[in-house]
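Here is a short tour of one protein.

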Amino acid sequence: MATIVPTSEEDPALAVVRFTSDLAWADAGPEVAEPQVTRLCMEAQECMVVGRWLDLASLMLASADLLFSNAKVSEKDLECIFTVICNLVTKSQNPSEALEMAKLISAKIVQQPTEKPALRLKILFNLYNLLEDPYARFSVYMKALTLALNGKVADHIIPSLKKIDGFLKEWNLDVKDRRELYLAISNALKDSKSSTKDGFKFLTNYLTTFSGEDALVIAEAKEEAVRAIIEFVKAPDMFQCELLDMPAVVQLESDATYALVYQLLKIFLTQRLDSYLEFQAANSSLLETYNLVHEDCIAKMKLMSLVDLASTPSRKIPYALIKDTLQVTDDEVELWVVKAITAKLIDCKMDQMNQVVLVRYLSLIFMLYAQFHYCLLVFNSFCTYAAAAVSASLGSTSGKNLGRSLQLGG
């Protein structure tokens, strides 16, 4: 049995065990409570003497739920108690044990996430800062994201996202862990109206991690690919994205359930208003299924159609063409041009005398996208021409060989 070393002042860890034990056994009466409290304190001392820090952490966390729900324990006291518990990770000389302690503590903290969620998140960040092992830090950060989502305190996690690139370098994660991280961040920001674009960015990053994977692995991303498309279509201030050619998204094109969702994305990114209206007329139930508002979709498609008109080499758009393409009245033409300018999609001048819009430049992302698809179109045309030429050549050669065979056989 371990020897108990007496000290003049009680160790903070032992004080926490005593406090939580008193709280846990308070309703049992002194005769029952005192022996139990003494037993637990003795057990804690033994753990401290022999360095069983993981066991000590488990012992100290046994009454953690009671601490959060007890009105007698102030938030300041709670923070102090968990500072002592979290500090145990610094005492172990074994990185694996420190990781297990971090997982144990963080798992306990994220239970009952709606009860003092901001304080729980603060405790997790304190634990994160006490850890030295990069992967242990990553593990705690993932728990913080879970708490932010379930406790609806995503705003508290947002400042840390500005450092995410630095975290990724420090953590040195493999693809699977990065995939898990991006999805967790996206989920945490899903209901945050102030971070819609950030949430979409991390969802896109998640889908990107499936590039180069086999079909079975890519299939795991199907639901999130659909979610990304719907988020893009719904967003009134997002007019371009990289989804269309991602393997995780392309798989939807041949999917019996989600092919129409992919078709909708393709219309928004590569076609104009008339194509959308035709699609909506045939698939109005799809929009209802995903809570897409038809009027909002029309407004977005009008702006995207106008940008498409502006991407032509002449950089001159007749008012009449805008009117026909956007299906608006004469009086509304300039209104939609102003909306496109306000959204920073194009920079242009309206020549009212000649009834044309003179485009100075497009938003950079639209310029790059237009150039990419122009190059793709040229490449595809070249491939089609080359394939036809090769086919014709092979056909001619096969005919000659066949003729010789017949001659030889005759």
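This is a predicted model. Buried residues make up 42% of the 410 residues in the protein. The secondary structure consists of 22 helices and three strands.

**The core**

In soluble globular proteins, nonpolar side chains tend to be buried together. Here the largest nonpolar core holds 130 residues. Which of its residues touch the most other members? They are Phe82, Tyr141, Leu181, Leu207, Phe232, Leu243 and Tyr276.

Take Phe232 from that list. Residues up to four places away in sequence are not counted here. Phe232 then touches Phe200, Met238, Phe239, Gln240, Cys241 and Leu243, and also Leu265, Phe268, Leu269, Lys300 and Met304. One of these partners, Leu243, is itself on the list of core residues that touch the most other members.

**A pair of helices**

Two packed helices are described by the angle between their axes and the distance between the axes. Helix H6 spans residues 95–109, and helix H7 spans residues 117–130. Their axes come within 10 Å and cross at roughly 170°. Angles over 145 degrees count as roughly antiparallel, so H6 is roughly antiparallel to H7.

Which residues meet between the two helices? H6 supplies Ala102, Ile105, Ser106, Lys108 and Ile109. H7 supplies Arg120, Ile123, Leu124 and Leu127. By class, this contact has six nonpolar, one polar and two charged residues.

**Two lysines with positive phi**

The loop between H6 and H7 holds Lys116. Its phi is near 55°, a positive value in a residue other than glycine. Lys152 lies in another stretch, the loop between helix H8 (134–150) and H9. Lys152 has a positive phi of about 55° too, although it is not a glycine.

Are these lysines buried or exposed? Lys116 has a relative accessible area of 26%, so it is partly exposed. For Lys152 the value is 68%, so Lys152 is exposed.

Trp25 sits in the loop between helix H1 (12–24) and helix H2 (30–50). Its relative accessibility is 28%, so Trp25 counts as partly exposed. Leaving aside neighbours within four places in sequence, Trp25 is in contact with Val32, Ala33, Gln36 and Leu40.

Ser160 belongs to helix H9 (residues 154–161). Its relative accessibility is 12%, so Ser160 counts as buried, the cut-off being under 20%. With neighbours within four places again left aside, Ser160 is in contact with Tyr141 and Phe167. Tyr141 is also among the core residues that touch the most other members.

| Pair | Apart in sequence | C-alpha to C-alpha |
|---|---|---|
| Trp25 and Val37 | 12 residues | 7.7 Å |
| Ser160 and Tyr141 | 19 residues | 9.8 Å |

Note on methods
Residues numbered from 1 in each chain as written. Predicted model: local features only at pLDDT ≥ 70, side-chain atom pairs only at ≥ 80, totals over all residues. Heavy atoms only, no water. Axes fitted to C-alpha atoms, helices over the stretch in contact; angles between N-to-C directions. Helix = DSSP H or I, 4+ residues; strand = E, 2+ residues; numbered from the N terminus. Parallel < 35°, antiparallel > 145°, perpendicular 65-115°, else oblique. Contact = heavy atoms within 4.5 Å. Nonpolar A, V, L, I, M, F, W, Y, C, P; charged D, E, K, R; others polar. Core = buried A, V, L, I, M, F, W, Y, C linked by side-chain atoms within 4.5 Å. Buried < 20%, exposed > 50% of the residue type's maximum accessible area, 1.4 Å probe, protein only.
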